[in-house]
Amino acid sequence: MPRTIPAGLRTHLDGNALTLARLYTITPQIGAVVRLTDHDADLTVDSQLYVAGAGFDASALETKGDMSLDNMDLKGLLDTGIARSDIEAGTYDNATIEVRLVNWASPADGTVILHYGFIGEQVTTIEGAVTLEVVGLSELLSEPIVPQHTPERFRYVPGNDYLMKSPGRAR
């Protein structure tokens, strides 16, 4: 699906000197939304404040067209609005994350969504750093929806509208 890029941001992207920053909106299932940016100063975009975290950065976004997982790691210090106690309490388990691109010199030019996904594994260190694994929406497709049954374990009994469990096989 093609991305819609606002005209102002498109004009900036077509230019020579780029002033771009990524915006990260982390929405836990319970708790406050965390808004971060990889810019060196706080940014206000669409009336929302995105905090520039000390030492906060993201790995390159890996996106594939073969339905494999879209991956990215966010790394930063725990003073970015993400507390160790929240991670240990599971606050960010399966939290949604939206990654957008903005012209930090002119946020009114609009933004474009680069990635939307979920927080996967979360790792903290004694030194106060945090690494959040970001997985794409295709991760949902890898989860089983219903229990799996194999034909060897069940058989159809004529006259019944259900499957009967077959006796175990001797091995």
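The following dialogue explains how to read several features of a predicted protein model.

Student: What should I know before I begin reading?

Tutor: This is a predicted model, in which local features need pLDDT of at least 70, side-chain atom pairs count only at pLDDT 80 or more, and totals for chains, interfaces and linings use all residues. Residues are numbered from 1 along each chain as its sequence is written, and side-chain values use heavy atoms, with hydrogens and water left out.

Student: How many helices and strands does the protein chain have?

Tutor: Helices (H or I, at least four residues) and strands (E, at least two) are DSSP runs, numbered from the N terminus. Here the protein chain has two helices and 11 strands. From the N terminus on, the order is α-β-β-β-β-β-β-α-β-β-β-β-β.

Student: Which strands are joined to β7?

Tutor: Two strands pair if DSSP finds at least two bridges between them. β1 and β7 run antiparallel and are joined by eight bridges; in this pairing L23 stands opposite R100 of β7. β7 is also joined to β8 (residues 111-124), again antiparallel, by seven bridges, and there L101 stands opposite V112 of β8.

Student: Is β7 mostly covered or mostly exposed?

Tutor: A residue is buried under 20% relative accessible area, exposed over 50%, and partly exposed in between (1.4 Å probe, protein chains only). Seven of the eight residues of β7 are buried, and the strand is thus mostly covered. In the protein chain, 32% of the 171 residues are buried.

Student: Which residues have the most contacts inside the largest nonpolar core?

Tutor: A nonpolar core is a set of buried Ala, Val, Leu, Ile, Met, Phe, Trp, Tyr and Cys residues joined through side-chain atoms within 4.5 Å. The largest one has 16 residues, and I26, L74, I82, I97 and L132 have the most contacts inside it. At least two residues of this core come from each of β1 (20-27), β2 (34-37), β6 (71-77), β7 (96-103) and β9 (129-136). The strand that gives the most is β9, with three residues. A second, separate core has six residues, including L43, V45, Y50 and V102.

Student: Why does H39 count as buried?

Tutor: H39 counts as buried because its relative accessibility is 14%. This residue is found in the loop between β2 and β3 (43-45).

Student: What does H39 touch?

Tutor: Contact means heavy atoms within 4.5 Å. Leaving aside neighbours within four places in sequence, H39 is in contact with A21, A52 and W104.
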